[in-house]
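Hi,

Here is the structure I promised to pass on to you. Have a look at it first, and then read my notes below.

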Amino acid sequence: MLYRELVDIYKRLEATTKKLEKVDILSRFFSKVKKEDLANVVLLSAGIVFPKVEQKDLGIALEMMKRIVQKVAGVDKAEFNKIYKKTGDMGFTAKELIKNKKQRSLGKKELTVEMVVTNLRRLPAIEGCGSQERKISLVSELLSNANPDEAMYLVRTILGEMRIGVAEGIIRDSIAKAFDVSPEDVEHAYNLLNDYGMVAEMAADKKLSGLAVKIGKPIRVMLAEKAPDLKTALESFKNPALEIKLDGFRVQIHKKGKKIWIFSRRMDDVTKQFPEVVKWAREAIKTDVCIVEGETIAVDLKTGKPLPFQHLSRRIQRKYDIEKMVREIPAQVNLFELIYIGNKNYMNEPLRKRWSKLRSIVKEIKGKFVLVEHIETNDYNEAEKFYKRSLSMGEEGVMVKNLDAVYQPGKRVGYWLKVKPIMEPLDLVIIGAEWGTGKRAGWFGSFLLGARNGDKFVPVGKLGTGLSDKEFKTMTKKLKKLIIEEKGRNVKFRPEVVIEVAYEEIQKSPNYESGFALRFPRMLRIRDPEDKGPGDADTIARIKKLYNQQKGRQSKERGSQAK
Ligand code: AMP
């Protein structure tokens, strides 16, 4: 298929904000695409080159892109900057410059979807000496064959900034409509495969139903919602269970005979980093085939007490000296879920049954491979005692779980509710910054924080405190690679870095499109991308809810002061 045909679709998608219209455009398109192009076209429509399950970074940052566009368009820096400064958009700059290009290259080929995908998929593997030049040449080859519109969308795809308003839900509904299958089946398949390209192919072949869990292939994990307080959480379910909420690293353990896989919450294979967990899983799980989940924490060598997540994150990133790490930072697995056993899928069974099955197949190894602390009660006093104990142990809080609910992969459904102390911090994405002055010249001095709103991030405040000089520098280095737009001292980033932010209160604000601003935000920590990605950031809806709760509390306080 010609890339031009896909570009026509991009233009139509960009021209409307209506979701139904987008689904209409995409579903018609998908249903006509030839089978050999379908998976690629679906991924490119979602603005990605690799399926989510592979999580590969193309490794082309804004600066490199500027060089490539300049070179392909045959212009000097001044001419490039004239357009770039005016628009602040790399894609649009590429379009304009290629439009004005005087010399048409001879022997220009028409771009196909396959050429685009093939060249771009080669990028992440290029490493070592001369890698920049080889990367530049692959992208230049595409751009020099592109017409102005093609160039614009190519650049946007490479920078991960499509701006066509196609979120995962739209892809799901479009596949469903194109191939006359239910959106639920599409979503279920996506939760198991994490690859909309493959899901579309299966939908086209009518092979979605009966899609089986595969041992060794990660499943998207179920997520929790936040509850305002323990009472509300407890009252949300007829039959609640409470568990300690540990501050660690979610693992999904797959077992098939002696073979063990360990996957992170983001479905990365981390088996190599945790050889002792592999050993324990072999010993302690008394069944041949299963998938279980738990929270891995780091424990203090001397006291055996839990350590904060940062310690464990060193182990996750480690690729060598693993045995040394195992000795220095001992891990402990706390199991809380059972998804699959034998050849039976337990996802649609209630938690009560999953938990009792989990207990029956695990022979705990004290201090190493254990079941999470779990109580089942409706009694507020008992629940509060458990919650207080969790906090006094230095844990984050508790999880209140619905014993009657199924396991819903990939979703932040309300079957699990996390309860933490109030005015809890928010997880926000750094979407922009200002270059610092004076002592902070050369670094970013203040960061623009974004909360999630659909597939966009909207500003809710600026943060300039809570970081040491060293952290400012590290952050600048990290963020420089994510620049997508620069105007004067203001910079915009691809939304990738998530930080945990504490603040005094939420205020209404006309200064931000969101209508809210955080008062005195300060950074608590940079989130490990394994633990929290931009998709896990807090939403505007949540900020609004917190604002309303805060208002309720304040008027109550005022009322009691008046008495
Ligand atoms: P959060 O990351 O704040 O959205 O909270 C959800 C995460 O808490 C899960 O993904 C787990 O990694 C972690 N967690 C800790 N303890 C538990 C527990 N008892 N049950 C479920 N998740 C837990």
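This is a predicted model: local features need pLDDT of at least 70, side-chain atom pairs count only at pLDDT 80 or more; totals for chains, interfaces and linings use all residues.

Lys245 belongs to strand E2 (240–245). Strands E2 and E11 run antiparallel and are joined by six bridges. Both are part of an open sheet of five strands, where the order is E1-E12-E11-E2-E10 and the pairing is mixed. At the edges you will find strand E1 (225–226) and strand E10 (374–376); each has a single partner strand, so one side of each is left without a neighbour in the sheet.

Now to the ligand, and back to the sheet with it. Which strands each supply at least two residues of the shell around the ligand? They are E2, strand E11 (397–402) and strand E12 (416–419). E2 gives the largest share of that shell, with three residues.

There are 15 residues around the ligand, and those that come nearest are Arg250, Arg265, Glu295, Lys401 and Lys418. Sorted by class, the shell holds nine charged and six nonpolar residues, and no polar ones.

- Arg250: an N or O atom in the side chain is 2.7 Å from an oxygen atom of the ligand.
- Arg265: a polar side-chain atom lies 3.0 Å from an oxygen atom of the ligand.
- Lys245: an N or O atom in the side chain is 3.2 Å from an oxygen atom of the ligand.

How much of the ligand's accessible area does the protein cover? On its own the ligand has 490 Å² of accessible area, and the protein covers 97% of this. The space that the ligand takes up is also the largest cavity.

Enjoy looking around, and write back with any questions.

Best wishes

Note on methods
Residues are numbered from 1 along each chain as its sequence is written. Side-chain values use heavy atoms; hydrogens and water are left out. A residue is near a molecule or strand if one of its heavy atoms lies within 4 Å of it. A polar contact is a pair of N or O atoms within 3.5 Å; within protein, one must be able to donate a hydrogen and the other to accept it, and residues adjacent in sequence count only if both atoms are side-chain atoms. Accessible areas come from the Shrake-Rupley method with a 1.4 Å probe; for residues, only the protein chains shown count as cover. On a 1 Å grid over the protein atoms alone, a cavity is a set of points where a 1.4 Å probe fits but cannot get out, and a pocket is an open set with protein on both sides within 12 Å along at least five of seven lines; lining residues have an atom within 4 Å of a point. A molecule sits in a cavity or pocket if more than half of its atoms lie within 2 Å of its grid points. Helices (H or I, at least four residues) and strands (E, at least two) are DSSP runs, numbered from the N terminus. Ala, Val, Leu, Ile, Met, Phe, Trp, Tyr, Cys and Pro count as nonpolar, Asp, Glu, Lys and Arg as charged, and the others, Gly among them, as polar. Two strands pair if DSSP finds at least two bridges between them.
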